[in-house]
Amino acid sequence: MAERLVVDVSDLPPGGLREVKIGDRAVLVCNAGGRFHAIESRCPHAAVSLAQGRLEGHVLECPYHGGTLDVRDGSPQSPPIRRPVATFAVRAVEGGIEIDAGAAGGAGGPRCTT
Ligand code: FES
């Protein structure tokens, strides 16, 4: 199973979100003001996709009940979200960013290096 993926983010504006599949994982690429982060695309509250969420700065609001997460480290910011999501290491490469889905962390785990 592939654990790394290069994603072209040239058309992903600040505040933009894009869900990609890496193996059997749904990963959400987040452009937080020009810094890219990758988190598990599943809300810890009710296990739904975060792809239709709203990103302001580094805070992602879940589209279903409005709980928020910090996309930099996956930490919960407001209820009903109480647990962190996994985060994945990201680095800039030719053609976009490379996400390492084999290097999952949670709050305080691996962070974006771009
Ligand atoms: S499903 Fe995300 S806050 Fe409830």
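Biologist: What makes the group β5-β6-β7-β8 an open sheet, and in which sense do its strands pair?

Modeller: In this predicted model, four strands lie in the order β5-β6-β7-β8, and the pairing between them is antiparallel. The sheet is called open because β5 (54–56) and β8 (76–78) stand at its edges with a single partner strand each, so that one side of each has no neighbour in the sheet. From one strand to the next, the twist averages 30°.

Biologist: How do you know that β6 and β7 count as paired?

Modeller: Strand β6, residues 59–61, and strand β7, residues 68–70, are joined by three bridges in the antiparallel sense.

Biologist: Where do β1 and β2 stand in the six-stranded sheet, and what follows for their sides?

Modeller: The six strands of that open sheet follow the order β1-β10-β9-β4-β3-β2, with antiparallel pairing. Both β1 and β2 stand at the edges with a single partner strand each, which means that one side of each is left without a neighbour in the sheet. Neighbouring strands here are turned by 30° against each other on average, direction ignored.

Biologist: What makes β4 and β9 a pair, and how many bridges hold them?

Modeller: Strand β4 (residues 35–40) and strand β9 (residues 87–93) share two bridges in the antiparallel sense. As the rule asks for at least two, the pair therefore meets the cut-off. Ala-38 stands opposite Phe-88 in β9. On to β10 (residues 96–105), β9 is joined by seven bridges, and these two strands also run antiparallel; in that pair Ala-89 stands opposite Asp-100, and Val-90 opposite Ile-99.

Biologist: Which strands form hairpins, and what is found in their turns?

Modeller: β9 and β10 form a hairpin with two residues between them, and Gly-95 in the turn has a positive phi of about 95°. β2 and β3 also form a hairpin with two residues between them, where Gly-23 in the turn has a positive phi of about 60°. Six bridges pair β2 (residues 17–22) with β3 (residues 25–32) in the antiparallel sense, and Leu-17 has Cys-30 as its bridge partner in β3.

Biologist: Is Val-6 buried or exposed, and how do you know?

Modeller: Val-6, which is found in strand β1 (residues 4–7), has 12 C-beta neighbours inside 10 Å. A residue is exposed if that count is 12 or fewer, and Val-6 therefore counts as exposed. Even so, setting aside residues up to four places away in sequence, Val-6 touches Val-93, Gly-95, Gly-96 and Glu-98. Val-6 and Gly-96 are 90 residues apart in sequence, with their C-alpha atoms 6.3 Å apart in space.

Biologist: What makes a set of residues a nonpolar core, and which residues touch the most other members of the largest one?

Modeller: The members of such a core must be buried residues of listed nonpolar types, joined through C-beta atoms within 7 Å. The largest core has 27 residues, among which Leu-28, Val-29, Cys-30, Ala-38, Phe-88 and Ile-99 touch the most other members. Two or more residues come from each of β1, β3, β4, β9 and β10, and β3 gives the most, with five residues. Leaving aside neighbours within four places in sequence, Cys-30 is in contact with Leu-17, Phe-36, His-37, Ile-39, Leu-55, Leu-60 and Val-71.

Biologist: How do you know whether the radius of gyration of the chain agrees with that of a compact globule?

Modeller: For 114 residues, a compact globule would have a radius of gyration near 13 Å, and the protein chain has 13 Å, so the two agree. The C-alpha trace spans about 40 × 30 × 20 Å along its principal axes. Of the 114 residues, 35% count as buried, and of the contacts with a separation of 6 or more, 39% come from residues 24 or more positions apart.

Biologist: What does the secondary structure of the chain come to?

Modeller: The protein chain has zero helices and 10 strands, and its pattern along the sequence reads β-β-β-β-β-β-β-β-β-β.

Terms used
Residues numbered from 1 in each chain as written. Predicted model: local features only at pLDDT ≥ 70, side-chain atom pairs only at ≥ 80, totals over all residues. Axes fitted to C-alpha atoms, helices over the stretch in contact; angles between N-to-C directions. Rg over C-alpha atoms; globule rule 2.2 N^0.38 Å. Buried ≥ 20, exposed ≤ 12 C-beta atoms within 10 Å, placed from the backbone. Contact = placed C-beta atoms within 7 Å.
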